[in-house]
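Good morning, and thank you for coming.

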Amino acid sequence: HEQHHQGSPIDLSWISKIQVNKPAVLRRAEQIQARRPVKKEWQAAWLLKAVTCIDLTTLSGDDTASNVQRLCYKAKYPIREDLLKALNMHDKGITTAAVCVYPARVCDAVKALKAAGCDIPVASVATGFPAGQTHLKTRLEEIRLAVEDGATEIDVVINRTLVLTGQWKALYDEIRQFRKACGEAHLKTILATGELGSLTNVYKASMIAMMAGSDFIKTSTGKETVNATFPVAIVMLRAIRDFFWKTGNKVGFKPAGGIRSAKDSLVWLSLIKEELGDEWMKPELFRIGASTLLADIERQIYHHVTGRYAAYHDLPMS
């Protein structure tokens with residue numbers, strides 16, 4: 001992992017001037033969805049690239065040590081060996097970017113990955129996920145405990161109330177404290193964009209999160225009614241670009257929630273390529289939060305290699 005940036009002083013004059021042009025953003029979003037993202041002959045390569053950017057996630061109330069173990073196995077062996085051989089990619093060490101679990105399951109994940117002999121990072125959600133409506137003290141403690149248990153990435157949720165009431169300084173201060181509690185771990189800040197009220201708020205919250213030292217900004221928890229949408233993504237990506245121009249710091253982007261099809265993953269990758277360029281198309285700066293996406297990517301790769309669509313028994317889906 002690259003060293004994380006420590007954030008920059010809060011600049012409220014910059015925040016106060018921002019007004020997002022919604023019609024322009026919506027037009028751009030329609031444009032993205034209308035296009036076929038990737039030529040057929042490049043598809044397998046792009047799909048494997050998408051695999052390496054997945055934060056393979058399980059965030060259910062009924063998570064157990066054994067389903068976390070299965071998830072970790074899948075993270076290490078995301079695509080069947082014979083399919084990788086057919087693409088001549090079997091020796092490239094293709095794994096997902098991370099596994100993402102609740103704080104109480106971090107130990108299970110660390111143990112399972114260690115047993116599998118691999119160094120895929122464990123990410124944990126924290127800070128009263130998904131609502132973020134618990135006391136600041138317990139939210140900070142939750143980060144520290146997850147890091148103690150071996151999580152090297154923490155996906156925090158912001159307090160939406162602070163955005164909806166325009167308390168930007170308070171939001172900045174809170175995320176600074178999250179940053180500090182993370183220590184050496186990477187901080188990924190979930191904006192829960194479906195609950196922020198406007199695209200202008202999405203831009204402002206993105207900026208504050210980056211000024212406060214977030215390594216990544218993430219669209220959603222996956223538990224809101226509206227999750228990763230293209231208009232929101234465009235606004236967040238433009239904020240990342242503006243922040244880079246202003247400070248020289250590259251912040252990563254993570255869409256999450258409702259990204260289930262291989263085709264979706266290709267659209268997301270091409271959006272990143274167009275808005276931020278090739279250097280953002282790597283797991284250090286781009287992640288997709290997903291739980292069922294991998295199964296569809298594996299099906300599409302199977303089709304690419306064999307020319308057949310997988311029957312139910314052809315691919316052992318975890």
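Is Phe 129 buried or exposed? Phe 129 has a relative accessible area of 11%, so it counts as buried. Here buried means under 20% relative accessible area, exposed means over 50%, and partly exposed lies in between, with a 1.4 Å probe and protein chains only.

Before I continue, a word on the source. This is a predicted model, in which local features need pLDDT of at least 70 and side-chain atom pairs count only at pLDDT 80 or more, while totals for chains, interfaces and linings use all residues. Residues are numbered from 1 along each chain as its sequence is written, and side-chain values use heavy atoms, with hydrogens and water left out.

Let me turn to the overall form. The protein comprises 13 helices and 8 strands. These are DSSP runs, numbered from the N terminus: helices are H or I with at least four residues, and strands are E with at least two. The radius of gyration is 19 Å, which agrees with the value near 20 Å that a compact globule of 318 residues would have. That radius is taken over C-alpha atoms, and the globule rule is 2.2 Å times the number of residues to the power 0.38. Along the principal axes, the C-alpha atoms fill a box of roughly 55 × 45 × 35 Å.

Of the 318 residues, 54% count as buried. The accessible surface comes to about 14,200 Å², and carbon and sulfur atoms hold 52% of it; such areas come from the Shrake-Rupley method with a 1.4 Å probe, and for residues only the protein chains shown count as cover. Among contacts with a separation of 6 or more, 79% join residues 24 or more positions apart, where contact means heavy atoms within 4.5 Å.

Next, the interior. In soluble globular proteins, nonpolar side chains tend to be buried together. A nonpolar core is a set of buried Ala, Val, Leu, Ile, Met, Phe, Trp, Tyr and Cys residues joined through side-chain atoms within 4.5 Å. The largest such core in this model has 98 residues, and those with the most contacts inside it are Ile 79, Ile 154, Phe 253, Trp 268 and Ile 297. Helix 11, residues 230–247, supplies the largest share of this core, with 10 residues. Apart from this core lies another, of 7 residues, including Cys 100 and Ile 190.

Which residues does Ile 297 touch, if we leave aside those up to four places away in sequence? Its partners are Leu 47, Ala 50, Val 51, Ile 54, Ile 79, Ala 262 and Ser 265.

I now come to the aromatic rings. A pair of aromatic rings is described by the distance of the centres and the angle of the planes. Rings of Phe, Tyr and Trp (its six-membered ring) pair if their centres lie within 6.5 Å; planes under 30 degrees apart count as stacked, over 60 as edge-to-face, and the rest as tilted. The whole structure holds 5 aromatic pairs. One of them joins Tyr 102 and Phe 129, edge-to-face, at 5.9 Å centre to centre and 80° between the planes. This pair links distant parts of the chain, 27 residues apart: Tyr 102 is in the loop between strand 2 and helix 6 (106–115), and Phe 129 in the loop between strand 3 and helix 7. Tyr 102 is partly exposed, at 24% relative accessibility.

Phe 244 and Trp 280 also form an edge-to-face pair, because their ring centres are 5.5 Å apart and their planes stand at 80°. Phe 244 is in helix 11, and Trp 280 is in the loop between helix 12 (262–276) and strand 8 (288–290). With a relative accessible area of 2%, Trp 280 is buried, whereas Phe 244, at 25%, is partly exposed.

Finally, some backbone details. Most residues other than glycine have a negative phi, and most peptide bonds are trans. The peptide bond from Phe 129 to Pro 130, however, is cis, with omega near 0°. Asn 88 is not a glycine, yet has a positive phi of about 60°; Ala 192 likewise has a positive phi, of about 50°. What is the relative accessible area of Ala 192? It is 0%, so Ala 192 is buried, whereas Asn 88 counts as exposed at 51% relative accessibility.

Thank you for your attention.
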